[in-house]
Amino acid sequence: MKTPLHDIHVQLKAQMVEFAGWQMPMRYGSTIDEHHAVRNHAGMFDVSHMLPVDITGTESTKFLQHVLATDVRTLAEDGHALYSVILNENGGIIDDLIVYRLANEQYRIILNAGAATADLDWINQQLRSTHFEVKINPRRDLNILAVQGPEAIKFAEQVLNISLQTVRRFSATKFSGIFIARTGYTGEDGIEILCTDEVLLKLWEQFHCKGVVPCGLGARDTLRLEAGMNLYGQDMDTTTTPFESGIAWVIKDLAAERDFVGKTALLSQQRNGIPTKLTGIVLEGAVMRSGYEVSTSVGKGIVTSGTFSPTLRYSIALARIPRAAKGECEVTIRSKSKMGRIVRPPFVREGERVHR
Amino acid sequence: MSEIRNNLRYTSTHEWIRVDEDGLVTVGISDFAQSALGDVVFVELPEIDGEVDAEQDVAVVESVKAASDIYAPVAGVIAEINESVAEDPSLLNADPYGEGWIFKLRVDSLESFDDLLGADEYQEHCQAEDQDH
């Protein structure tokens, strides 16, 4: 599949890769340059492969309270958003997402490209078994342009000719039919714009003229990893619970009355003990990659995502290791053992090192 | 299109090879290879005096995205390594045929050089790989 910007990416000589069935730009030039553009100025990402889904109907709130691990009733006002997960009966993660409250009993969720089909199957199956009065509407007509970085808001205000000062972080607004959310996947301030093909092409051109740097999936990965954000399918999947995936904070109300899919399994895991945790590792003199083995004083684990951090100039990784592990560890890199250090993510916030 | 130098020999795994006046054989990665890898962030060099076979993996080049093995194009002994690329791996991107060289081999004979690709053959090889993408 191709996004409406496909030909533009090719014209810009992007290295194209297949991701979840989509032809996507990996990088236009240097991933490190694109990374720094987002940390220091502004960059933009075509993430139209992700799928917005509208959930409407008189029982939308009840339905999402059942399907999501976080209570959507905490979205006090229209436009508010929260990060949550869809769990299976075992507490395993089917997908992670952001849910926006559009209006009373109207929500929008944005699904990962690689998980969207399975998500929709699951959501429809849940709907059939619960009989809530809800309509599920996948919005393939909408594209997503993410503009991210310390100067992103300034450029967005110029291009869209609006003020974003009242749009707080992690909330959204609608302007002339364009949905604008102050969210992202880079650890920087910025927006994600949901729009039609025509608007997408126009906005891309306008942001490009302003000097906003086109960025590919390569920079998206180094940026999110520095910010300590999980990548679905790599750092977590249907076999891992939020407790084992560094996102226990999405589970806010296990003691409350609300029931949701996966709750029983989470309560049971909480009682019986959580064997592993997803945490950070930093290492100098080599680059950690997904799948590398980690040895700690209390047992072995595995790197789930690893890269070279362009900001810190050494390797950072997320790893699933025994819960009690701390301090130094060894990472096996090409049959050699390298000394690393277990740290708590995020690694970088607003361009500065934050891990200890 | 990436630069392919006529005075060099190449391998199908994208190393370039040059026979120097002192008889040593210098090895690096081609412009095509550095461009495909993207930003090089780490280079693991071989040990000096190590004996290597042809096609043996002797060094590693890590880009942001992935690790790639570098193979000895011919059998020999590692005579020199380029410490500069260990300190500044981006030299492989900036000057792959010059300051970005990786190691030098001492070889007994130049006979096995006939198996290596000439510039034209290497160009065809790169074009074929491009079309696979």
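**Reading the structure**

Guide: Let us begin with the two chains. In this predicted model, 12 residues of chain A are in contact with nine residues of chain B.

Visitor: Which elements of chain A give two or more residues to the side that touches chain B?

Guide: They are helix H2 (31-40), helix H7 (217-226) and strand E16 (299-308) of chain A. By class, this side of chain A holds four nonpolar, five polar and three charged residues.

Visitor: How is the size of an interface often given?

Guide: It is often expressed as the accessible area lost when the parts come together. Here I describe the interface through its contacts, with 12 residues from chain A and nine from chain B.

Visitor: Which domains does the assignment give for chain A?

Guide: The assignment gives domain 1 (1-273) and domain 2 (275-356). The centres of these two domains of chain A, taken over C-alpha atoms, are separated by 26 Å. Across the boundary, 20 residues of domain 1 of chain A are in contact with 22 residues of domain 2 of chain A.

Visitor: Which helix gives the most to the side of domain 1 that touches domain 2 in chain A?

Guide: H2(A) gives the most, with five residues. H2 and H7 of chain A each supply at least two residues of that side. The residues of this side of domain 1 comprise four nonpolar, 11 polar and five charged.

Visitor: Which residues meet where H2(A) and H7(A) pack?

Guide: From H2(A) come A:Thr31, A:Glu34, A:His35 and A:Val38, which meet A:Gly218, A:Ala219, A:Thr222 and A:Leu223 of H7(A). This contact has three nonpolar, four polar and one charged residues.

Visitor: Which strands does H7(A) lie across?

Guide: H7(A) lies across E16 and strand E17 (315-322) of chain A, and runs at about 130 degrees to E16(A).

Visitor: In what order do the strands of the barrel close?

Guide: Six strands of chain A close into the barrel in the order E14-E17-E16-E15-E18-E19, with antiparallel pairing. From one strand to the next, the twist averages 40 degrees. One of the pairings in chain A joins strand E15 (residues 293-296) to strand E18 (residues 328-333), in the antiparallel sense and over two bridges. In that pair, A:Val294 has A:Val331 of E18(A) as its bridge partner.

Visitor: How do side chains lie along a regular strand?

Guide: In a regular strand they alternate between the two faces of the sheet. Another set of strands to follow begins with strand E10 (residues 172-175) of chain A, which four bridges join to the antiparallel strand E11 (residues 178-181) of chain A. A:Lys174 stands opposite A:Phe179 in E11(A).

Visitor: How many residues lie between E10(A) and E11(A) in their hairpin?

Guide: There are two residues between them, and A:Ser176 in the turn has a positive phi of about 50 degrees. E11(A) also pairs with strand E12 (residues 190-195) of chain A, in the antiparallel sense over three bridges. There the bridge partner of A:Phe179 is A:Leu194 of E12(A).

Visitor: Where is A:Phe170 found?

Guide: A:Phe170 is in the loop between helix H5 (152-160) and E10 of chain A. Although A:Phe170 is not a glycine, its phi is positive, at about 65 degrees.

Visitor: Is the peptide bond from A:Pro345 to A:Pro346 cis or trans?

Guide: That bond is cis, with omega near 5 degrees. A:Pro346 lies in the loop between strand E19 (336-343) and strand E20 (348-349) of chain A.

Visitor: At roughly what angle do the axes of helix H3 (residues 60-67) and helix H4 (residues 116-130) of chain A cross?

Guide: The axes of H3(A) and H4(A) cross at roughly 115 degrees and come within 11 Å. The crossing is right-handed. A:Phe63, A:His66 and A:Val67 of H3(A) make the contact with A:Ile123, A:Gln126, A:Leu127 and A:Thr130 of H4(A). Four residues of this contact are nonpolar, three are polar and none is charged.

Methods. Residues are numbered from 1 along each chain as its sequence is written. Chains are lettered from A and ligands numbered from 1 in the order in which they are written. This is a predicted model: local features need pLDDT of at least 70, side-chain atom pairs count only at pLDDT 80 or more; totals for chains, interfaces and linings use all residues. Two residues are in contact if their C-beta atoms, placed from the backbone, lie within 7 Å. Ala, Val, Leu, Ile, Met, Phe, Trp, Tyr, Cys and Pro count as nonpolar, Asp, Glu, Lys and Arg as charged, and the others, Gly among them, as polar. Axes are lines fitted to C-alpha atoms, for helices over the stretch in contact, and angles run from 0 to 180 degrees between N-to-C directions. A crossing is left-handed if the near helix is turned anticlockwise from the far one by less than a right angle, and right-handed if clockwise. Domain bounds come from an automatic or database domain assignment. Two strands pair if DSSP finds at least two bridges between them.
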